[in-house]
Amino acid sequence: MRPRVDPAEPAFQAIISAAVFSLGVCGDELEIHRIAFLPPTGEIAPRNPLAAEVARQLCAYLADAEYPFVLPLRAAGTPFQRRVWQQIAAIPTHQTRSYGEIARTLRSAPRAVGQACAANPYPVVVPCHRVLATGGRLGGFAHQNDGFLLDVKRWLLVHEGC
C-alpha cells in the first residue's frame, strides 16, 4: 500500500529523490514542519533557503549514513511523543533498539512507543527506522505493517549498516 500523499501538493517546499523513495519537505522559512516519505517521484527544487538546506542535508545523509543533521524542527507532538523521539534521536547510526527497550527506559508500553514512532513528523532526521520489534523483526513503519514504507525501512537499515 502506498501513502496517499500527492507529490505535487503545494505544501512541499522541496522533494528529494532517493533510491527507492522520495522525501517531501514541508515547512516555512524558519522551521521544518514535516518530512514525508513518498513513492519515487520527480524532484521539486527547493522553494526557499531553508528547504535548500534541508535538501542539502538529506542528500548528504543519502550519500553518507553517518551525516549528522542540524535542522530547525518545529516543536510537535505530545510530551510523551517528544520523549520517545528524543530516545530515538539518541540511537547511534549503525545501531537499533527495540520498541520494548525504549518502553522500559520510558516506563511505558511497547505499543505506545510504536504509536509515537508512527507519528514522527521528521523521519530520517529523527530515525524511527532504527526501532525494531522483538527479536530484530522490522515491526511496522509509519502506521503500516507491509508494503512501500516497510521497503523504505529496510533500505534505510541497509544504508546504515544495521
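The centres of domain 1 and domain 2, taken over C-alpha atoms, are separated by 19 Å in this predicted model. Domain 1 spans 1–74 and domain 2 spans 79–160; the bounds come from an automatic or database domain assignment. Residues are numbered from 1 along each chain as its sequence is written.

The contact (heavy atoms within 4.5 Å) takes 25 residues from domain 1 and 19 residues from domain 2. The two domains bury about 1,900 Å² between them, 73% of it on carbon and sulfur atoms. Buried area is the accessible area (1.4 Å probe) lost on putting two parts together, summed over both.

Zero salt bridges are counted between domain 1 and domain 2; the rule requires a side-chain nitrogen of Lys or Arg within 4 Å of a carboxyl oxygen of Asp or Glu. Six residue pairs, both residues at pLDDT 80 or more, are in polar contact across the interface. A polar contact is a pair of N or O atoms within 3.5 Å; within protein, one must be able to donate a hydrogen and the other to accept it, and residues adjacent in sequence count only if both atoms are side-chain atoms.

On the side of domain 1 that touches domain 2, strand 3 (32–38) and helix 1 (49–63) each supply at least two residues. Strand 3 gives the most, with six residues. Helices (H or I, at least four residues) and strands (E, at least two) are DSSP runs, numbered from the N terminus.

Key
Predicted model: local features only at pLDDT ≥ 70, side-chain atom pairs only at ≥ 80, totals over all residues. Heavy atoms only, no water.
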